[in-house]
Amino acid sequence: MGDLFHNLALGFAVAGTLNNLTYCFIGAMLGTLVGVLPGIGPLATLAMLLPITFQLPPEGALIMLAGIFYGAQYGGSTTSILINVPGESSSVVTALDGHAMAKQGRAGSALAIAAIGSFFAGCVATVAIAVAGPPLASVAQKFGAAEYFSLMVFGLVGAVVLASGSVIKAVAMIILGLLLGLIGLDVTSGQSRFTFGIPELADGIGFVTVSLGLFGIAEIVTNLERASKHGRDLIQPVHSLMPTRQDLRQAWPAILRGTGVGTLLGILPGGGAVLASFSAYTLEKKIAKDPSRFGKGAIEGVAGPESANNAAAQASFIPMLTLGIPSNAVMALMVGAMMIQGITPGPQVMTKQPALFWGIVASMWIGNLMLVIINLPLVGMWIRLLKVPYNMLFPAIIIFCSIGIYSLNNSVTDVLFTAGFGVMGYLFVKLGFEAAPLLLGFVLGPLMEENLRRAMTISRGDPMTFIDRPISLGLLIASLALLALVIAPAVRRTRQEAFQEEET
Amino acid sequence: MPRIRDPRELAAGLFLILVAALALILSDHLPIGRLVNMGPGYVPRALAWILGGLGVIVALSAFTADAPADVPPLTEWAWRPLLALTASILVFAFLLERAGLVICIVVTVGVAGLAAAGIRPIQSLLLGGGLALMSALLFVVGLGLPLRLWPEFAG
């Protein structure tokens, strides 16, 4: 217990410096700013704003990125409540009841409850990270190459469960991501692989290039495609931000339940904001006395999922920070950002760079507090932002993405590759492939190959090493069980129901 | 000849098989090594075979199950935004070091504007000018990125 307070004190000392507070504030502000824009999710927001953090010191960069992440997530909720255009899949369920509330003139109440719920969930999840982090990291420090390989298999299988479409296609995307990750010089032999003789490819394809192309550029194309078919919804006015006493009384238990669901699901590989908010919504609907209120402006339908997605968003930092394994695409991007800063994510971060680790944890709490301040009093500003036409936005996004990519290495080639990945991302949308598993595979590819080779060398070429070692065996069994669960018809059906909730 | 019930799955499967074949051809010259001492070709080739296998499964599923009702037909492509946006990024890459940031942004925004119907040239020009000014202030003056603002001959 004493350790916990000592650690948190260290964290707050780091996060509380004027510089880091500023980075945190700018991050949360920018994240909200971009996240509020209709049709731009947290992943695209992060990918787009990543280049701004390159010049910062590692702590500052990661604190700012974390701020951008929550900001974008919360901004997406505002958009879905006010104009029923969820910018990302995790606020799809918020739109159901949140927008219904807005139409009844209760938009302010919905926004306030979403903010309060998110803040509460953020506080709980911060404590969860502080408590669960050290023991997990100390377990991970005993891991050898075989355990790491199995852990990554487990993480990737989790990503398959997360994917909403076909399981086989999600696995294919992971494999494709692993292959893309191998592009460049092979570390062990020094031979170049898949480089087509292009010198810029010797170091591999940049993470930012892939993520901006697949998520940023491809998203604009699909948004424009959709915009040409559908018109825009009206923006609902916000009258008073004070939730009524009845709203608060009904929302509190939902906030508690949502926080619990979110924290648990966030830690699991493949879990994350999307799964958490859907599960929380389903839970609220199941235990409600009158389920028919849902979809017509039930406050629990906002409070539960909003708390859950924020708790999960934060809890998903746990496996990333302690094991170095990203559990979803957003965390894959954070891993990419850490590597750009010269930090290899893994259990050693906590022991070798405690200031960095605990600084990020403490900044999460501060960031959540800032979000409440940014969002509630400034809601008028965000509403004005919602009125900016997309025709003005997307050229600006193209410019910022291009400048960001170029400035990473001052390389025109990177910009060209981004264009290529944009086309690829659109092709994926058309063929029904999800790009998120690909990104996970891409980040883990080189690590996985390295650990596989090392494990094989250590065991003198005996693949049984993965089964002989208990932790490795446990992780592989867990992966198989997870895969079996998804493929089992009963679960497949409920999984489809959960993801189809958005159509209703 | 069985009937194709889900063309999108067939296309998706063929795409995977194509990529797998490409990966196999490109890693052909890399030594495989043995399990105990894997060469640089071991993992790429293993992944390529798995990918190809998955591609076959996906392609075959096109004959066994119908397409879900909400899947749009494969023939609908948003060519206009796709081509205009891709072209705009290529233009950005071509002009940035040659013409400097300001001209580059104005032209890029102009090309990107072709992606959506209803953007008039004057709007594009104003937006491009505004973004050029903003980027110059933010990236060059503010963040100090080493970007040239104007073409070389203009100083």
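This is a predicted model: local features need pLDDT of at least 70, side-chain atom pairs count only at pLDDT 80 or more; totals for chains, interfaces and linings use all residues.

With 10 C-beta neighbours inside 10 Å, R460(A) counts as exposed. I find R460(A) in the loop between α20 (435-458) and α21 (465-468) of chain A. Its phi is positive, about 55°, although R460(A) is not a glycine. Most residues other than glycine have a negative phi, so I flagged this.

I flagged F194(A) too: not a glycine, yet with a positive phi of about 50°. F194(A) sits in the loop between β2 (192-193) and α9 of chain A. Here I count 19 other C-beta atoms within 10 Å, so F194(A) is partly exposed.

**Entry: the core**

Which residues have the most contacts inside the largest nonpolar core? I get L46(A) and L439(A), in a core of 213 residues. Helix α6 (residues 107-140) of chain A gives the largest share of this core, 17 residues. Chain B takes part as well: its domain 1 (7-64) and domain 2 (79-154) both give residues to this core, so the core lies between them. I checked the spacing of these two domains, and their C-alpha centres lie 39 Å apart.

Then I went back to L46(A). Leaving aside neighbours within four places in sequence, L46(A) is in contact with L65(A), I68(A), F69(A), A72(A), V330(A) and L333(A).

**Entry: chain A against chain B**

I counted the contact as 59 residues from chain B and 53 residues from chain A. On the side of chain B that touches chain A, the elements giving two or more residues are α1 (7-26), β2 (37-38), α2 (42-64), α3 (79-113) and α4 (121-142) of chain B. The largest share of that side, 16 residues, comes from α3(B). By class I get 46 nonpolar, 10 polar and 3 charged residues on the side of chain B that touches chain A.

**Entry: a helix pair in chain A**

I took helix α9 (residues 207-227) and helix α18 (residues 390-409) of chain A; they pack at about 170°, with axes 11 Å apart. An angle over 145 degrees counts as roughly antiparallel, so that is what I call α9(A) and α18(A). Among the residues that meet, I noted L212(A), I217(A) and L224(A) from α9(A), and F394(A), I397(A) and I405(A) from α18(A). The contact of α9(A) with α18(A) has 12 nonpolar, 3 polar and no charged residues.

I405(A) turned up again with F417(A): their C-alpha atoms are separated by 9.8 Å, at 12 residues apart along the chain. F417(A) lies in helix α19 (residues 412-431) of chain A. Is F417(A) buried or exposed? With 23 C-beta neighbours inside 10 Å, F417(A) counts as buried. Leaving aside neighbours within four places in sequence, F417(A) is in contact with I205(A) and T209(A).

**Entry: a serine**

Last I looked at S472(A), in helix α22 (residues 470-487) of chain A. S472(A) is buried, with 24 other C-beta atoms within 10 Å. S472(A) and E147(A) are 325 residues apart in sequence, but their C-alpha atoms are 4.6 Å apart in space. Not counting residues up to four places away in sequence, S472(A) touches A146(A), E147(A), S150(A) and F466(A).

Technical notes. Residues are numbered from 1 along each chain as its sequence is written. Chains are lettered from A and ligands numbered from 1 in the order in which they are written. A nonpolar core is a set of buried Ala, Val, Leu, Ile, Met, Phe, Trp, Tyr and Cys residues joined through C-beta atoms within 7 Å. A residue is buried if 20 or more other C-beta atoms lie within 10 Å of its own, exposed if 12 or fewer, and partly exposed in between; C-beta atoms are placed from the backbone. Helices (H or I, at least four residues) and strands (E, at least two) are DSSP runs, numbered from the N terminus. Domain bounds come from an automatic or database domain assignment. Two residues are in contact if their C-beta atoms, placed from the backbone, lie within 7 Å. Ala, Val, Leu, Ile, Met, Phe, Trp, Tyr, Cys and Pro count as nonpolar, Asp, Glu, Lys and Arg as charged, and the others, Gly among them, as polar. Axes are lines fitted to C-alpha atoms, for helices over the stretch in contact, and angles run from 0 to 180 degrees between N-to-C directions. Angles under 35 degrees count as roughly parallel, over 145 as roughly antiparallel, 65 to 115 as roughly perpendicular and the rest as oblique.
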